[in-house]
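Trainee: Before we look, could you take me through the terms one by one, setting each value against its definition?

Mentor: Gladly; here is the model.

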Amino acid sequence: MKVVFLDRDGTLIAEPPDKQIDSLDKLELIPGVVAGLRPLVEAGFELVMVTNQDGLGTKSFPRESFEMPQQKLLRLLEGEGIRFNSIFVCPHRPADQCNCRKPKTGMITEFLARNRIDLANSFVIGDRETDVEFAKNLGCRSVRLLTGEEASNADYAATSFRDACRFVLRGNRSGSLRRKANETTIDIRINLDGTGTYNVHTGIGFFDHMLTQLSKHSLIDMDISVKGDLDVDEHHTVEDTGLALGSAILQALDDKKGIERYGFLLPARLPDRHAGRGAVLQKLFGGRTDWHVGVPMDESLAKVALDIGGRPYLSFEGRFERERVGELPTELVEDFFRAFADGLRANLHISVEGRNDHHKIEAIFKSVARALKQAVSLDGRAPDILPTTKGTL
Ligand SMILES: [Mg+2]
């Protein structure tokens, strides 16, 4: 079975300043707990509460004053269809040096032995770094609820409880691909829910620079290693990388449920409520409805629209004056994005204007990155819905 191990204080219920929830009036649910946990239960996760309660059963924290809010919490959640498979409480203090206090796993040793737990697909959700360590000790993944900018080693740092549960539901949306052909050997690992960290080596300096822009501005972590037949020319390396990268992203999207699907650049200078309203744009910008929609780079401007809808198509409008920028032949920019659209099975429209070819290419990559960030993001209002009327994407 797959399990979500849940911390209690600071995770399910608010932690009061004195850190001790010993009366009913201190009981306060964290927002999103019910809405977040219900889909996890429906998806077949077992819920297990694991909590440290310092000095429980002593004079300063009698068991009765713990049980009252605890039982109330359980009844409240049960009324919403949320039940815990098991509950484990460590009553010790750090000085007791017990074997059960998180991040140690002594409390659930027997539970682990009794049940067949699919640890690779199980998670810990908690608000402390000790919860993250607890997950590491168990060998499952960790989600930490952050309230500010704290650093964390968690697999995922969530900004809200619902966000945390959404991550658990999706798993880590990652893809990896190894593609070995006569001309190229490609290793790609990507994480859609990343932070835009990258490690890119294709042997073509300027191309590496562009791929890092794609990662940075889409927030998709990318690990790309390519060994191509550069002694012939750059074509295979660039095209095969595009195809493999698109395929890895498609793989990470899994069934595509809940994704935004479309990516485009909203008018930067208009409030959101005007987004997509052609008539308003017409009025405000005197008929020029397009100039502000795109990524500028000095005198260059790239415009991109993307639909990850299962129908590969590339429209590319733009001309380059130079044959190469750095070691990258400029004609391969279009070829890269055609292959990328094929791999991702996406409809990608790109147009670019400008004077400097370096600027034009960089504006395109950044623009595609922004559109991609939008299209692969999860729509919080429709986490389990496929954004199409056709039933398949
Ligand atoms: Mg806690």
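Trainee: Why is P296 called partly exposed?

Mentor: P296 has 16 C-beta neighbours inside 10 Å. A residue is buried if 20 or more other C-beta atoms lie within 10 Å of its own, exposed if 12 or fewer, and partly exposed in between, with C-beta atoms placed from the backbone; P296 therefore counts as partly exposed. Keep in mind that this is a predicted model, in which local features need pLDDT of at least 70, side-chain atom pairs count only at pLDDT 80 or more, and totals for chains, interfaces and linings use all residues. Residues are numbered from 1 along each chain as its sequence is written.

Trainee: Where does P296 lie, and which residues is P296 in contact with, leaving aside its neighbours within four places in sequence?

Mentor: P296 lies in strand 12 (residues 295–297), where helices (H or I, at least four residues) and strands (E, at least two) are DSSP runs, numbered from the N terminus. Two residues are in contact if their C-beta atoms, placed from the backbone, lie within 7 Å, and apart from neighbours within four places in sequence, P296 has such contacts with L301 and A363. The C-alpha atoms of P296 and I364 are separated by 9.1 Å, although these residues are 68 residues apart along the chain.

Trainee: What makes strand 1 and strand 2 a pair?

Mentor: Two strands pair if DSSP finds at least two bridges between them, and strand 1 (residues 3–6) and strand 2 (residues 46–52) have 4 bridges in the parallel sense. L6 stands opposite M49 in strand 2.

Trainee: Which way do the side chains of strand 1 point, and are they buried or exposed?

Mentor: V3 and F5 point one way, V4 and L6 point the other way, and all are buried. In a regular strand the side chains alternate between the two faces of the sheet.

Trainee: What makes strand 7 and strand 9 edge strands?

Mentor: The open sheet has 4 strands in the order 7-8-10-9, with mixed pairing, and strand 7 (174–180) and strand 9 (198–201) each pair on one side only. Strand 7 pairs with strand 8 (residues 184–191) in the antiparallel sense over 7 bridges, and the two form a hairpin with 3 residues between them. Strand 8 and strand 10 are antiparallel over 8 bridges, whereas strand 9 and strand 10 (residues 221–228) are parallel over 4 bridges.

Trainee: Why are helix 7 and helix 9 called roughly parallel?

Mentor: The axes of helix 7 (residues 235–253) and helix 9 (residues 331–344) cross at roughly 30 degrees and come within 7 Å. Axes are lines fitted to C-alpha atoms, for helices over the stretch in contact, and angles run from 0 to 180 degrees between N-to-C directions. Angles under 35 degrees count as roughly parallel, over 145 as roughly antiparallel, 65 to 115 as roughly perpendicular and the rest as oblique, so helix 7 and helix 9 are roughly parallel to each other.
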